[in-house]
Amino acid sequence: MYKKQMTAQKILCMAAIIVAAGLFLYTLGIMTDLYDCLYDTMRNTRNVYDTDVPGSIVYYNMQEFNKFFLMYSIGFILLGALLFVTNTHTRRRYYIGNYVAIGLYAAASVAISVFGHYYIQIFRGQFLQIDFAALAEHAEMWGTAYTESTFWFDVHYLIFGLMILVSVLLIANAVWKMNLMKEEQQLIEEGRRAAT
């Protein structure tokens, strides 16, 4: 049984790093379409409200959020790496550091998901208030990108869902490990009693 559990914990620790890297890539990608189609609509950089396209201010509104979101994603990668630093991926018996690493990763995944979802929904609403007719006209006139797609706003459900799923599986794996460690300890105790 330990062999299956050890295989599962290796896979889950790798999944934790992959999901954290996916979050990092998402934080970089969420602004891509906005930059391509909205940045040039603001002709006066000293006054971002002076724009060719009403509603394009969402690009600037998201800057501060995206800065924090990027920092959180880097921290989340470090928490994923902490699973490897504490040897959670290979350790036969877990110690307090393993449980702390799993707990921190799980707590961070929930906190980042709540924070991200809240603000992404706000900015998605602002994006949908853009005057898309004016944006299409601007894109045609200046040869810039045009999109009405909310893909980068909507894909956060997948990213955050995977983060929480991996966290739940890490916790379930830790519970499984504790049960196996208890059973192993009971067998050792029974062996000692039988030997005396």
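## Close-up views: helix contacts and a cavity

**View 1. Helix α1 crosses helix α4 in a left-handed sense.** Left-handed means that the near helix is turned anticlockwise from the far one by less than a right angle; clockwise would be right-handed. The model is predicted: local features need pLDDT of at least 70, side-chain atom pairs count only at pLDDT 80 or more, and totals for chains, interfaces and linings use all residues. Residues are numbered from 1 along each chain as its sequence is written, and side-chain values use heavy atoms, with hydrogens and water left out. Helices (H or I, at least four residues) and strands (E, at least two) are DSSP runs, numbered from the N terminus. Here α1 spans residues 2–29 and α4 spans residues 96–127. Their axes lie 13 Å apart, at an angle of about 25°. Axes are lines fitted to C-alpha atoms, for helices over the stretch in contact, and angles run from 0 to 180 degrees between N-to-C directions. The two helices are therefore roughly parallel. Angles under 35 degrees count as roughly parallel, over 145 as roughly antiparallel, 65 to 115 as roughly perpendicular and the rest as oblique.

**View 2. Side chains of α1 and α4 meet.** From α1 come A16, V19, A20, L23 and Y26; from α4 come Y105, I112 and I120. Contact means heavy atoms within 4.5 Å. The class count is eight nonpolar, no polar and no charged residues. Ala, Val, Leu, Ile, Met, Phe, Trp, Tyr, Cys and Pro count as nonpolar, Asp, Glu, Lys and Arg as charged, and the others, Gly among them, as polar.

**View 3. α1 packs against helix α3 (residues 58–85).** The axes are 9 Å apart, and the angle is about 165°. That makes the pair α1 and α3 roughly antiparallel. This crossing, too, is left-handed. Among the residues that meet are F24 and L28 of α1 and F69 and F84 of α3. The contact has 18 nonpolar, four polar and no charged residues.

**View 4. α4 packs against helix α7 (residues 156–195).** Their axes come within 9 Å and cross at roughly 160°. α4 is therefore roughly antiparallel to α7. The crossing is left-handed. The contact includes Y99 and H117 of α4, and F160 and M181 of α7. It divides into 16 nonpolar, seven polar and no charged residues.

**View 5. The structure holds one cavity of 30 Å³ or more.** On a 1 Å grid over the protein atoms alone, a cavity is a set of points where a 1.4 Å probe fits but cannot get out; lining residues have an atom within 4 Å of a point. The largest cavity has a volume of about 40 Å³. Grid points are joined across faces, edges and corners, and a volume is the space filled by probe spheres set on the points. I30, D33, L34, F127, S149, T150, W152 and F153 form its lining. Five lining residues are nonpolar, two polar and one charged.

Key:
1 Å grid on protein atoms, 1.4 Å probe; cavity = no way out; pocket = protein on both sides within 12 Å on 5 of 7 lines; lining within 4 Å.
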